[in-house]
Each structure stands twice: as structure tokens, then as C-alpha cells.
Amino acid sequence: MTALATETGAINLGQGFPDSDGPQSLLDAACAAIRAGVNQYPPGPGAPELRAAIAEDRAARFGIRYDPDTEVLVTVGVTEAISAAVLGLLDPGDEVVLVEPYYDSYAAAVAMAGARRRTVPMIPTDDGFALDVAALREAVTDETRMLVVNTPHNPTGAVYSAAELAAIAEIAVRHDVIVVSDEVYEHLVFDGRAHTPIATLPGMAERTVTVSSAGKTFNVTGWKTGWACGPADLLAGVRAAKQFMSFTAGAPFQPAVAHALRTEQPWIAGLRDDLERKRDFLRDALTEAGFRVHSGGGTYFLCADIRPLGASDGIEFCRELPKRAGVVAVPVSVFTDHPVDWSHLVRFAFCKHDDVLAEAAHRLVAAG
Ligand code: PMP
Ligand code: GLN
């Protein structure tokens with residue numbers, strides 16, 4: 001879809017990446033690191049100062065204590081953290097439960113591990129989406145080895161409630177399941193709500209690998225600097241796989257991200273407020289353009305139902321939209337195992353400059 005946007009000159013509200021840079025001190029710190037010669041392989045598990053900063057950050061915000069030496073691993077983004085967790089902790093044939101729609105790399109990682117996946121759906125609510133807890137209860141059995149959860153959730157924007165998290169935790173503990181918790185949008189939670197890592201729930205710290213990255217927190221998606229945190233026994237498996245996927249991650253980004261985690265929390269709060277305002281703007285514009293909008297409580301994304309516009313096939317709709325309206329969106333069905341059930345939904349990203357969103361809104365309203 002990004003290639004289609006480039007080809008047609010359409011406004012790209014498809015792929016989720018911001019069109020502005022991260023905090024200046026972060027950019028300066030990476031440039032300073034390069035000039036200071038931080039350009040060779042860092043330690044495989046990550047630069048000690050970044051591992052320490054990640055552990056401090058999670059302790060300060062959530063009261064979770066990780067040993068930076070054995071319980072924190074720096075990865076090439078969340079994508080590698082997830083693949084390393086799946087490849088390092090599962091054997092061929094093991095069963096993994098995913099919540100659908102799911103970020104596309106999960107299913108690919110499960111396939112590369114030779115594991116089997118089952119999916120549990122999100123269900124539409126009045127204004128957003130919620131986890132189908134009854135379906136989760138049915139899908140997770142003593143056969144299940146791993147459950148992958150993602151809150152705030154791409155592509156729906158949903159933020160799991162305390163009740164949803166408690167249900168996931170109860171089910172995971174009952175069936176002794178490893179949970180991989182993708183918290184890449186952990187700071188992008190709106191409407192006065194707060195992010196709760198599932199590792200803070202009773203019985204979860206010892207079974208949860210939490211993954212996140214600097215990309216969405218500091219507007220540096222191209223740096224691919226992420227991390228996995230979890231108990232030492234599980235992290236040993238993730239680390240063993242990561243060693244032979246990439247061995248290590250980009251050297252000069254690591255001290256820069258460590259610096260930003262320690263000093264740029266106010267910048268992150270500003271980013272969140274800005275994105276909340278952009279979410280509201282795009283929600284209203286899409287509603288005016290005739291979509292039925294599912295307004296998520298977090299992330300970069302909104303899902304919109306195309307049926308009120310007389311369309312039903314999201315893939316066809318997204319192929320036509322650049323020509324018809326000069327805007328690119330992503331069909332939600334590409335994030336699922338059941339494309340027919342999700343074909344009426346398309347995803348729009350709002351992590352763009354105000355004037356870009358305003359022009360996209362103008363075009364969508366004009367196209368009807
Ligand atoms: N998980 C989710 C839910 C995402 O939306 C993304 C980014 N699009 C990723 C993982 C990948 O993150 P990274 O760029 O840090 O690999
Ligand atoms: N997370 C972003 C998205 O879902 C971008 C990641 C990607 O393009 N692979 O659009």
C-alpha cells in the first residue's frame with residue numbers, strides 16, 4: 001500500500017509510521033554516539049546502559065523489577081523480539097493462540113517455528129472492539145503453549161480493560177501458558193486511560209515476555225531498536241534465538257534510546273496528547289465522509305466500516321481509494337485468518353501532520 005501511495009501520489013494513511021522526527025536530544029545523542037566511535041558490534045544482549053534504562057523505566061512506571069543482566073534483551077525492534085520469543089520458546093507442533101486481527105508478523109513467526117496457530121476474534125462494541133473472552137476461554141487448553149496479546153491493539157486501536165486483562169491472566173495461569181505481550185503502543189493510550197502491562201497481574205510475571213520498542217514511543221520506527229523483558233528462564237530462550245537471527249542490534253541507537261528513556265518522558269506525554277487530538281480529527285472526518293468509525297482508545301490507527309458507503313470488499317476498496325480519493329488505507333482482512341469476516345473494515349493511520357490529515361479529510365469527504 002505504501003508502494004501504491006508512492007506510485008499514485010496519494011496521501012499514505014496506510015502503513016503506520018509518523019511523518020515527524022523524535023525528540024532532538026535523542027537524535028543528537030545518536031549522532032554523538034556515531035562521532036564518538038560507537039560503531040562496532042555492541043554486546044549481543046544489548047548495551048548495558050540501555051538494558052539498565054529499560055529496567056529502570058519499567059520499575060518507575062509499573063513497579064516491575066527486571067534484572068538488566070538476565071531479564072532484559074535488546075532486539076531489532078518488536079518484530080525480532082516476537083520472532084525470537086516464538087522461535088526460542090516453542091517446539092515444532094506446539095500450539096499458539098493469537099487474537100485476530102493480529103499484527104502480521106505473529107503468524108509468520110509461528111509458521112517459521114513450525115508451530116500451529118489458533119485464533120480468537122476481537123468483537124465489535126458500540127464504539128470500538130473488545131476481546132472475545134468466551135472464545136479465548138474455549139481456545140486456550142492444556143495443549144496451548146503460548147498466547148500472544150497486543151494492547152493497545154493494532155489494527156483496531158482497542159485498549160484492553162482491567163476485566164479483559166484479568167480474564168487473560170486467569171486463563172493463562174490456569175493452563176500454564178507463556179504469554180508474549182506486545183506493548184509497542186504502550187504510551188499511546190487516550191481518553192485519560194492508562195496502560196497496564198499484563199506482567200503486573202497475579203501469576204503473570206513468571207510467564208510473560210513483554211516486548212516493546214523505541215519506534216512508536218520516540219517517532220523513530222526506522223531505528224528498529226526494541227527489547228524483550230521477562231523472567232530469566234524464558235529470556236534465555238529468547239536470547240538464544242536472537243543470537244542467531246541478528247546477534248546484536250544497531251550500536252549508536254542504543255545509548256541514544258537509553259538517554260531518551262531517562263529524560264524524554266514529557267516529550268512522550270506531548271506525543272500522546274497530539275495523537276489523541278489527531279485521532280479525534282480523523283474520526284470526525286471519516287464519519288463526515290460516511291464511514292462508520294470504530295474509535296479506538298490507543299495506537300496510531302482507526303478502523304472504519306465501509307458498508308455505509310455501499311462497499312463490502314475492503315481489499316477492492318483500498319485498491320480503488322488512491323485513484324478515487326487520493327488516499328491510501330489498509331484492508332483489515334490482511335491481519336486475519338478469516339478474511340471474509342473482516343472484509344468490511346479498513347484501517348487508517350492518523351500519525352501524520354495536521355495539514356496532511358486535513359487534506360486527506362477534505363479528499364475523503366469530497367469523494368463521498
Ligand atoms: N507489533 C505491532 C502491534 C506493531 O504495530 C508494530 C509496528 N508496526 C510492530 C510490532 C513492529 O515494531 P518494530 O518496528 O519495533 O519491530
Ligand atoms: N506497524 C506498522 C503498521 O502496522 C508498520 C509496520 C510495517 O509496515 N511492517 O502499519
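The end C-alpha atoms of residues 10–363 lie 10 Å apart, and this span is 42% helix and 18% strand. The model described here is predicted. In an unreviewed UniProt entry, residues 10–363 are listed as "domain: Aminotransferase class I/classII large".

**The chain as a whole**

Counted over the chain, there are 14 helices and 14 strands. The chain has a radius of gyration of 20 Å, close to the 21 Å that the globule rule gives for 368 residues, so it is as compact as a globular protein of that length. Taken along the principal axes, the box that the C-alpha atoms fill is roughly 55 × 55 × 35 Å.

Two percentages describe how the residues are packed and connected. Buried residues make up 52% of the 368 in the chain. Where contacts link residues at least 6 apart in sequence, 72% of them join residues at least 24 apart.

**The surroundings of ligand 1**

Ligand 1 is surrounded by 14 residues, and the closest are G77, V78, T79, N154 and S213. Helix α4, which covers residues 77–89, gives the largest share of this shell, with three residues. By residue class, the shell divides as follows.

| Class of residue in the shell around ligand 1 | Number of residues |
|---|---|
| Nonpolar | three residues |
| Polar | nine residues |

Which residues lie closest to ligand 1, and which helix supplies the largest share of its shell? The closest are G77, V78, T79, N154 and S213, and the helix is α4.

Conventions: Residues are numbered from 1 along each chain as its sequence is written. Chains are lettered from A and ligands numbered from 1 in the order in which they are written. This is a predicted model: local features need pLDDT of at least 70, side-chain atom pairs count only at pLDDT 80 or more; totals for chains, interfaces and linings use all residues. Helices (H or I, at least four residues) and strands (E, at least two) are DSSP runs, numbered from the N terminus. The radius of gyration is taken over C-alpha atoms; the globule rule is 2.2 Å times the number of residues to the power 0.38. A residue is buried if 20 or more other C-beta atoms lie within 10 Å of its own, exposed if 12 or fewer, and partly exposed in between; C-beta atoms are placed from the backbone. Two residues are in contact if their C-beta atoms, placed from the backbone, lie within 7 Å. UniProt positions are given in the numbering used here, feature names are shortened, and annotations may be inferred rather than shown by experiment. A residue is near a molecule or strand if its C-beta atom, placed from the backbone, lies within 6 Å of it. Ala, Val, Leu, Ile, Met, Phe, Trp, Tyr, Cys and Pro count as nonpolar, Asp, Glu, Lys and Arg as charged, and the others, Gly among them, as polar.
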